[in-house]
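Keep the sequence and the structure open while reading.

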Amino acid sequence: VIKPRRQNDTSGRVRQHLHCDSCYSRRCRARVEPSASCALLPCRLLCGAVFHLCKEEEHLLLCPNVRVPCLNAQYGCPVQLPRSSRAAHLQVCPASVVCCSMEWLRWPVDDTNPNNFNAMQDNMMKERETHGEALDVAMALVDQSDLYARLKMKPLYPELMEQEEEEDIKEESREEVAVGGVQDQNPSEGWSKCGLSVAQPPVINMEKYNLFEMMFSMERGACAVAQENLENPKQNQKPADEGRSQKGPAGQRQDKSSPRSCPPPDTSKTGLAPWQEGVLERLGQELTPQEYNMYVVHHGRMLLAFGQIEACTSREKDFVYGSLEPIPVQTLHSFKVPVSYRYKRRVHLNETAARVQTEHRSVDTSDLGAGEDDWFGDEAEETLLGYAEMAVMGHKISETKGADGLYVDFGTQTHSFRTAPFKRRTTLADVMADRPLKLLLQLQAETVNSRNNRASCAFTFLCGHTFHRREFATHFRNVHSDIQMCLSEWFEQQCPLAYLGCTYRQRRFHPSTQKATVTYNQQLRCFNLRPDVLPSLDGKAGDGEDRLSSLPYEVLCHMASFLDSQSLSQLALVSRLMRQVCSSLLQDRGMVTLRWERTSSSHGGAKWKSKPVWEFSHLFSAVDSWNMADIPPISAHLKVCPYYQKTEQKERVALPFLTEKQQKSPKGQSLLNHFTGRR
């Protein structure tokens with residue numbers, strides 16, 4: 001970086017001459033004078049600009065050939081490039097990443113639907129180790145594990161929670177509260193380090209505190225005066241003149257025992273404010289007795305605080321409450337039952353149907369014939385049902401609901417689980433950790449709507465994968481548009497008798513450029529392409545030796561340049577050699593993101609710090625078009641499907657006929673006579 005030559009004055013700032021300040025001519029011929037102008041100078045970075053010598057420092061702030069950091073330097077990009085190339089660099093910048101925000105809905109299974117696929121899902125869970133997993137089943141299992149980790153037990157079962165000590169609750173709340181703050185940055189490294197500090201001590205705003213104290217000082221002073229008068233009833237027997245002599249110039253009582261004295265009010269004696277002296281005498285002359293008493297009732301505290309009235313008076317001097325007239329109590333009815341109302345019991349639909357004759361008996365739980373295992377419910381099924389009720393209906397199960405102006409529906413729902421009671425931060429994933437895996441979500445995913453979205457519904461799921469900006473369009477088209485949205489009955493076709501329990505599936509499409517199979521990786525939570533490679537080309541010898549690692553390093557780097565981003569991320573996990581090979585492609589094919597880590601501070605709190613991490617995205621090779629796979633139709637499977645049952649009709653059925661010979665028979669009837677007879 002070229003450092004400009006400065007002409008500094010005593011203050012340290014760059015001094016510009018009077019002529020140079022307004023001169024922008026490339027052919028300036030002004031005479032060089034120390035106090036008026038300086039010589040012209042072309043840019044030493046060869047950008048073509050010509051300027052006065054004193055403007056060299058300002059020119060470096062705009063020169064297109066000056067090397068500056070990338071616009072995404074704070075997000076991890078270490079590139080230093082000319083200022084004119086920063087816009088073009090954004091297309092290949094490793095820190096220019098996009099997080100996929102694709103969302104979808106997946107509801108729990110409906111046991112009340114007779115056309116559900118519960119039998120097929122149970123059979124596929126049993127056969128998934130032998131026959132492999134289907135794409136929709138693998139996605140549903142990943143969504144279910146994500147859902148279990150987000151569903152907490154406390155909102156649905158607050159009565160089944162353990163009672164924890166207050167210290168544990170304070171520590172958890174202290175960990176959850178975080179205040180953002182940016183730490184010092186080091187521009188030489190090219191990274192931006194941001195931190196979040198936790199459990200910072202609160203700061204008291206003294207200005208607001210003093211303002212609040214001033215607002216409530218009058219009320220506190222009135223309470224102090226009233227308490228003093230109650231403790232010393234002899235002071236109330238003093239004459240009024242002696243009481244007035246104890247007042248200040250503004251009519252305020254000078255009380256040394258009062259904790260706080262009110263500010264001196266206005267000395268005017270013409271107003272009607274409660275703190276002005278002689279206000280009661282003036283009001284007695286101007287207002288009627290009833291208006292006078294109402295004024296004293298409304299402003300009694302303030303009149304008492306400023307000494308306008310005594311706290312305790314005799315019956316003869318009780319002019320405040322002595323002559324008040326009783327006010328009738330008025331009750332407002334929001335709902336009035338009409339005069340013509342006649343009670344009629346509500347009849348439900350289930351009451352009109354035919355019912356078995358019953359009788360009233362006192363029964364116990366043992367009389368129901370249920371075993372001890374039937375007393376406890378399944379945590380996963382009841383929790384999913386409870387959250388589904390909140391998402392669809394907007395309230396919990398058995399919530400109190402008003403039917404009309406006279407009836408309110410009360411409902412109670414008790415839960416009994418073997419794992420109860422639960423801890424304060426227990427999730428459904430913690431409860432179902434040791435249970436056998438069971439799929440309780442539907443295989444068919446739905447699109448997110450305005451009512452059920454991620455902010456209001458717990459059954460929404462987010463893609464959340466990070467891609468380079470140039471890779472995002474390919475990811476959305478191939479993964480979400482081509483595969484995920486067309487998965488059921490199109491991309492992957494299932495047997496028509498799947499509702500009976502058949503688990504047969506076949507994948508109908510493959511990329512047009514290569515023979516590959518679409519699979520789903522549950523650990524990475526993404527789709528990938530698995531090429532159909534012959535066993536002789538797997539890269540291993542007969543004894544299991546790795547032939548690929550014996551190639552030269554340059555050859556391996558050239559071969560790795562033809563792989564997609566997802567394959568490079570998996571190849572880097574094979575060995576140290578392959579990790580070095582993939583690391584050589586990070587600058588061109590990889591991306592850099594900020595990863596946040598939580599660290600403990602010295603004062604007992606916690607901080608969040610970020611560090612740049614280089615990685616490859618989970619994008620497989622771009623597929624421009626798909627071809628139909630060379631597989632038999634689904635009807636060929638019905639010939640051997642174990643759930644396809646044939647029905648043979650052995651009895652004869654009379655059919656209409658058209659021949660003239662059979663028409664003469666009295667037993668038969670032709671189609672012509674059949675329709676003409678009706679006409």
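## A histidine in a helix

In which helix does His480 lie? His480 lies in helix 16. The model is predicted, and every value below is computed from it.

His480 has a relative accessible area of 2%. That is under the 20% cut-off, so His480 counts as buried. Beyond its neighbours within four places in sequence, His480 is in contact with Cys100, Met102, Trp104, Cys463, His475 and Met485.

## The chain overall

The protein chain has 679 residues, and 30% of them count as buried. Its secondary structure comes to 23 helices and 21 strands. Take the contacts with a separation of 6 or more: residues 24 or more positions apart account for 62% of them.

## The largest nonpolar core

In soluble globular proteins, nonpolar side chains tend to be buried together. Here the largest nonpolar core has 49 residues. Those with the most contacts inside it are Phe422, Phe459, Ile483, Phe491, Val518 and Phe527. Helix 5 gives the most, with 6 residues.

Which residues does Phe459 touch, leaving aside its neighbours within four places in sequence? Phe459 is in contact with Trp104, Leu105, Arg106, Trp107 and Pro108, and also with Leu147, Leu384, Tyr387, Ala388 and Ala391.

## Helix 19 and its partners

Helix 19 spans residues 576-583, and its Met578, Val581 and Cys582 are buried. Seen down the helix axis, these buried residues fall within an arc of 95°, so they line one face of helix 19. An α-helix has 3.6 residues a turn, so residues three or four places apart point the same way. The buried residues of helix 19 pack against helix 17 (553-560), helix 18 (565-571) and helix 20 (586-589).

How do helix 17 and helix 19 cross, left-handed or right-handed? Their crossing is right-handed. The two helices pack at an angle of about 60°, with their axes 9 Å apart. Helix 17 and helix 19 are therefore oblique to each other. Helix 17 makes the contact through Tyr553, Leu556, Cys557 and Ala560. Helix 19 makes it through Leu577, Met578, Gln580 and Val581.

## Backbone details in loops

The peptide bond from Ala420 to Pro421 is cis, with omega near 0°. Pro421 sits in the loop between strand 10 (408-409) and helix 15.

Two residues other than glycine have a positive phi: Glu489, near 65°, and Arg525, near 60°. Glu489 is in the loop between helix 16 and strand 14 (492-494). Its relative accessibility is 41%, so Glu489 counts as partly exposed. Arg525 is in the loop between strand 17 and strand 18. At 40% relative accessibility, Arg525 counts as partly exposed.

## A leucine in helix 2

Leu60 lies in helix 2, residues 56-60. Is Leu60 buried or exposed? Leu60 is buried, with a relative accessible area of 16%. Leu60 and Cys43 are 17 residues apart in sequence. In space they are 8.9 Å apart, C-alpha to C-alpha.

Terms used
Residues numbered from 1 in each chain as written. Predicted model: local features only at pLDDT ≥ 70, side-chain atom pairs only at ≥ 80, totals over all residues. Heavy atoms only, no water. Buried < 20%, exposed > 50% of the residue type's maximum accessible area, 1.4 Å probe, protein only. Helix = DSSP H or I, 4+ residues; strand = E, 2+ residues; numbered from the N terminus. Arc of directions from axis to C-beta. Contact = heavy atoms within 4.5 Å. Core = buried A, V, L, I, M, F, W, Y, C linked by side-chain atoms within 4.5 Å. Axes fitted to C-alpha atoms, helices over the stretch in contact; angles between N-to-C directions. Parallel < 35°, antiparallel > 145°, perpendicular 65-115°, else oblique. Left-handed = near helix turned anticlockwise from the far one by under 90°.
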